[in-house]
Amino acid sequence: MLSSSSLSSSALGIPTDEEQATGLERKVMKALEKGLDPYSMFPPKRHAGTKEDPNIVPSITDKRIVGCICEEDNSAVIWFWLHKGEPQRCPSCGAHYKLVPHQLP
């Protein structure tokens, strides 16, 4: 006779995400359990936005489109391409952004 504690939840009903995840989904779930941020889903760390302390933008390619809300109460977003290399400025407010390489799990 089997006790209920030896059965997985999948034997009792619908399996959990953790029980049925495979491949890349499983890697992402394991990374999130460890507190890592494989797809930059967590809110970014605040930076001053100066040339010496630019806002960091992770990317898996050499360029990425960035949206800057120049003022806190502004509803307009200024979009621009950010390229790998030196920090670049927002064309509207002058805040600095820097593209950094990011590896997927």
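Begin with the whole chain: among contacts (heavy atoms within 4.5 Å) with a separation of 6 or more, 37% join residues 24 or more positions apart. The model is predicted, so that local features need pLDDT of at least 70 and side-chain atom pairs count only at pLDDT 80 or more, while totals for chains, interfaces and linings use all residues. Residues are numbered from 1 along each chain as its sequence is written, and side-chain values use heavy atoms, with hydrogens and water left out.

**Overall layout**

Colour the chain by secondary structure. The protein has 3 helices and 5 strands, where helices (H or I, at least four residues) and strands (E, at least two) are DSSP runs numbered from the N terminus. Their order from the N terminus is α-α-α-β-β-β-β-β.

Next, display the surface. Of the 105 residues, 19% are buried. Here buried means under 20% relative accessible area, exposed over 50%, and partly exposed in between (1.4 Å probe, protein chains only).

**The nonpolar core**

Select Val 57, Val 66, Cys 68, Phe 80, Leu 82, Cys 90, Ala 95, Tyr 97 and Leu 99, the 9 residues of the largest nonpolar core. Strands β2 (63–68), β3 (78–83) and β5 (96–101) each supply at least two residues of this core. The term denotes a set of buried Ala, Val, Leu, Ile, Met, Phe, Trp, Tyr and Cys residues joined through side-chain atoms within 4.5 Å. In soluble globular proteins, nonpolar side chains tend to be buried together.

Leaving aside neighbours within four places in sequence, Cys 90 is in contact with Cys 68, Cys 70, Ile 78, Phe 80, Ala 95 and Tyr 97.

Leu 99 counts as buried because its relative accessible area is 5%. Beyond four places in sequence, the residues that Leu 99 touches include Val 57, Leu 82, Asp 62 and Lys 63. The C-alpha atoms of Leu 99 and Lys 63 are separated by 7.4 Å, although the two residues are 36 apart along the chain.

**The largest pocket**

Which residues lie nearest the centre of the largest pocket? They are Pro 44, Lys 45, Asn 55, Ile 56 and Tyr 97, from a lining of 29 residues. β1 (55–59), β2 and β5 are the elements that give two or more residues to this lining, and β2 gives the most, with 5 residues. The pocket has a volume of about 960 Å³.

On a 1 Å grid over the protein atoms alone, a pocket is an open set of points with protein on both sides within 12 Å along at least five of seven lines, and lining residues have an atom within 4 Å of a point. Grid points are joined across faces, edges and corners, and the volume is the space filled by probe spheres set on the points.

Select His 96, in strand β5. Is His 96 buried or exposed? At 13% relative accessibility, His 96 counts as buried. Contacts of His 96 beyond four places in sequence include Gly 49, Thr 50, Asn 55 and Pro 87.

Continue to Pro 87, in the loop between β3 and β4 (88–89). Pro 87 is partly exposed, at 21% relative accessible area. Pro 87 and Thr 50 are 37 residues apart along the chain, with 9.1 Å between their C-alpha atoms.

Finish at Gly 85, placed in the loop between β3 and β4 and partly exposed at 31%. A distance of 8.8 Å separates the C-alpha atoms of Gly 85 and Asp 62.

Key: On a 1 Å grid over the protein atoms alone, a cavity is a set of points where a 1.4 Å probe fits but cannot get out, and a pocket is an open set with protein on both sides within 12 Å along at least five of seven lines; lining residues have an atom within 4 Å of a point.
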